[in-house]
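This report describes the fold of a single protein chain for a reader who has the sequence and coordinates at hand.

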Amino acid sequence: MSWVELRKPWHDTSVDYCDVCGNLLIHEYWEFNAGGEIMRACREDDEQLWARLETFRATYPSTTENSIYRARLTDTKFPQAKE
Ligand SMILES: [Zn+2]
């Protein structure tokens, strides 16, 4: 849980994004440990946001339980992906 300078060679044109909200990381990022995984965030508050999202994910239905998945299996008019 600390600010880390984003160091890159001058010719590196790649861009880095916040692991929590997707904003661009510029000059520095907030680094924190999320269950053993090192996360890079654009602001300190994103660490709390990450924790809230984890709580939300734990209560959200899995992809095999949502209405779109069920409709794909049971609704004959539901658009099917071409092979
Ligand atoms: Zn962010």
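The sections below treat the basis of the model, the overall chain, the sheet and one loop.

## Basis of the model

This is a predicted model, in which local features need pLDDT of at least 70, side-chain atom pairs count only at pLDDT 80 or more, and totals for chains, interfaces and linings use all residues. Residues are numbered from 1 along each chain as its sequence is written.

## Overall chain

The protein chain contains 2 helices and 3 strands, where helices (H or I, at least four residues) and strands (E, at least two) are DSSP runs numbered from the N terminus. Read from the N terminus, the order of elements is β-β-β-α-α.

The radius of gyration of the protein chain is 19 Å, whereas a compact globule of 83 residues would have a value near 12 Å; the radius is taken over C-alpha atoms, and the globule rule is 2.2 Å times the number of residues to the power 0.38. The C-alpha trace spans about 55 × 35 × 20 Å along its principal axes. Of the 83 residues, 10% count as buried, a class that requires 20 or more other C-beta atoms within 10 Å of a residue's own, while exposed means 12 or fewer and partly exposed lies in between, with C-beta atoms placed from the backbone. Among contacts with a separation of 6 or more, 26% join residues 24 or more positions apart; a contact requires C-beta atoms, placed from the backbone, within 7 Å.

## Sheet and helix packing

The 3 strands form an open sheet in the order 1-2-3 with antiparallel pairing, two strands being paired if DSSP finds at least two bridges between them. Strand 1 and strand 3 (37-41) each have a single partner strand and stand at the edges, so one side of each is left without a neighbour in the sheet. On average, neighbouring strands of this sheet are turned by 40 degrees against each other, direction ignored.

Strand 1 and strand 2 run antiparallel and are joined by 4 bridges; Ser 2 has Glu 31 in strand 2 as its bridge partner. Helix 1 (residues 45-59) packs on the sheet, touching strand 2 and strand 3, and its direction makes about 35 degrees with that of strand 2. Axes are lines fitted to C-alpha atoms, for helices over the stretch in contact, and angles run from 0 to 180 degrees between N-to-C directions.

## Loop between strand 1 and strand 2

Ile 26 lies in the loop between strand 1 (2-5) and strand 2 (28-34). Ile 26 is exposed because 10 other C-beta atoms lie within 10 Å. Its C-alpha atom is separated by 15 Å from that of His 11, 15 residues apart along the chain.

His 27 is found in the loop between strand 1 and strand 2, and counts as exposed with 8 C-beta neighbours inside 10 Å. The phi angle of His 27 is near 70 degrees, a positive value in a residue other than glycine.

Definitions and conventions
Two residues are in contact if their C-beta atoms, placed from the backbone, lie within 7 Å.
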